[in-house]
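Subject: Structure handover

Hello,

Here is the structure you are taking over. Please look at it once before you read on; my notes follow below.

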Amino acid sequence: MARQRTTKTKLTHGQSLRQYACRGTIVVAASGMLRVTGAPVWLGERILSETACLREGEPHLVRQAGWIAIQALNDAEVVCVTPEALWPKLSRWCRMAAAGLHRGWKSLAQHAGGG
């Protein structure tokens, strides 16, 4: 079974949370109502952002990685669930960087070039 990374945040009416979300992250209104504005994308000469209003218990799937905004339309709690499968490259790079720093910059450069 895939593991997940879950974060919970309480927001008061009108408060916004801005955070980076990977593609596949699920945003859930645990309580209250939320407006989720997705990462901006270019379409021709226009910038578009997907927007979803969530009522208590409703989920929203992030389709485009990037910075999202979550606004509380009343006092609310938001839960963000990110599948761990989205993080292995970052985790692997961090482990390689730490090991490379331990052995020296030359080793780090060799791993990055062949990785």
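The chain contains an open sheet of four strands in the order E1-E10-E3-E8, with antiparallel pairing. Strand E1 (4–11) and strand E8 (59–61) are the edges of this sheet; each has a single partner strand, so one side of each is left without a neighbour in the sheet. From one strand to the next, the twist averages 20°, an angle from 0 to 180 degrees between the N-to-C directions of axes, which are lines fitted to C-alpha atoms.

This is a predicted model, in which local features need pLDDT of at least 70, side-chain atom pairs count only at pLDDT 80 or more, and totals for chains, interfaces and linings use all residues. Residues are numbered from 1 along each chain as its sequence is written, and side-chain values use heavy atoms, with hydrogens and water left out.

Overall, the chain has two helices and ten strands. Helices (H or I, at least four residues) and strands (E, at least two) are DSSP runs, numbered from the N terminus. Strands count as paired if DSSP finds at least two bridges between them.

Strand E3 (residues 26–31) pairs with E8 over three bridges in the antiparallel sense. The bridge partner of isoleucine 26 in E8 is leucine 61.

Strand E2 (residues 16–21) is joined to strand E9 (residues 66–72) by six bridges, and the two run antiparallel. In E9, isoleucine 68 is the bridge partner of glutamine 19. The covered face of E2 holds Leu17, Gln19 and Ala21, while Ser16, Arg18 and Tyr20 are on the uncovered one.

Regards

Technical notes. Buried means under 20% relative accessible area, exposed over 50%, partly exposed in between (1.4 Å probe, protein chains only).
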